Amino acid sequence: MSALLSHHVDIPVHAQPIPMLSLAALSVPQEDFLCIRGVRLPLAELVDHTLFSAERRDGLRQQLHDAKPFPHLVLDGIFHPVLLDLVAEEFDLLPRENWADVKSRYELLRRSGFNVQLGPATQLYFDLLNSGWFCEWLSSISGVPYLLPDPKLFGGGLHESRTGATFAIHRDFDRHPHLGLKNEMVFITYLNKGWDPAWGSALELWDKSKKRCVSNVQPEFGRTILLPHGPASYHGHTQPLQAPDGRPRRSVAAYYYTSPLAGKQHGVEAGTVFMQKYRIDQVKAFARMLTPPLLWSLARKVVRH
């Protein structure tokens, strides 16, 4: 993981005597953990792994498919609350120059800049989201194979709205402007404790054909929304933020993409190219060039059996 490890010691680590462990201590499973700013985080509990069972995946897939006005999924408690506490804390630790203010007729908010250095807890959160096993889980419940994360967090990262902020109803971008990858979904986790719906700024999900809000998602602490991108996925928050104590509305977001060539590369394109080949492999390569693809595929199946 990319999180910073903290060691609370009075003398250098290398100068400390190595403690002797009893046989009883060795027989007890040792918990792996990280320590960020003195707070201990058990690695096995950073994510609710009950969500990854086959049964839960099936249920989440159906829940996403049935949601109105367009497919989406809202879940509470995916991530350990202490991790999210540390992420929320790092909003105030991010240097001012690393924030980008967005102001237009349609939106008023600020977000962390493109490819900035994040705090250790925030980086740990995004390391989880960028991992292969997490992307595979998202693919299994969304039905979109070959998902790719964006470690540079274009359009994502830390998002913050302050008093009076709104975001007009919109649909997200279709393609990553630098990589040309197709935008498939956004994954947002909210970080606001004690949120009162009367303060406005709920995420509104609109019916495109009827041009009205069908449902909304309150940005409460630990709540996550998976929002697949599509022609009908219009959302935003039109009610200005009016928290009585001036508190901001905060979230962390990441986009996922697919390549237009995903699942289509095969043969030489997808293999390692060696400078010098054995004679038998040269003969096979020549035979493959002369053989229709269907016959070649049948021949390989016969050889396997």
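Q: Which residues line the largest cavity?
A: This is a predicted model, with residues numbered from 1 along each chain as its sequence is written. A cavity here is a set of points on a 1 Å grid over the protein atoms alone where a 1.4 Å probe fits but cannot get out, and lining residues have an atom within 4 Å of a point. For the largest cavity, that picks out L73, L75, I78, W137, L138, F187, T224, I225 and L226.

Q: What volume does the largest cavity have?
A: The structure holds one cavity of 30 Å³ or more. Volume is the space filled by probe spheres set on the points, which are joined across faces, edges and corners. For the largest cavity that comes to about 40 Å³.

Q: Which element gives the largest share of the lining of the largest cavity?
A: Helices (H or I, at least four residues) and strands (E, at least two) are DSSP runs, numbered from the N terminus. β3 (73-76), α5 (132-142) and β12 (223-228) each bring at least two lining residues. The largest share, three residues, belongs to β12.

Q: How many charged residues are in the lining of the largest cavity?
A: Ala, Val, Leu, Ile, Met, Phe, Trp, Tyr, Cys and Pro count as nonpolar, Asp, Glu, Lys and Arg as charged, and the others, Gly among them, as polar. This lining has eight nonpolar residues and one polar, and as for charged ones, there are none.

Q: Why is α5 largely enclosed by the rest of the structure?
A: Take buried as under 20% relative accessible area (1.4 Å probe, protein chains only). Among the α5 residues that qualify are F134, C135, W137 and L138. The helix is largely enclosed because its buried residues number eight of the 11.

Q: Which residue just after α5 takes a positive phi?
A: α5 spans 132-142. The phi just after it is about 80°, and the residue is G143.

Q: Which strand gives the most to the lining of the second largest pocket?
A: A pocket is an open set of grid points with protein on both sides within 12 Å along at least five of seven lines. Four residues come from the top contributor, β14.

Q: How far apart in space are E107 and A165, C-alpha to C-alpha?
A: Local features need pLDDT of at least 70 and side-chain atom pairs 80 or more, totals for chains, interfaces and linings use all residues, and side-chain values use heavy atoms, without hydrogens or water. E107 sits in the loop between β4 (99-103) and β5, and leaving aside neighbours within four places in sequence, it is in contact (heavy atoms within 4.5 Å) with V102, T166 and F167. E107 and A165 are 58 residues apart in sequence, yet in space the separation is 7.4 Å.

Methods: Buried < 20%, exposed > 50% of the residue type's maximum accessible area, 1.4 Å probe, protein only.
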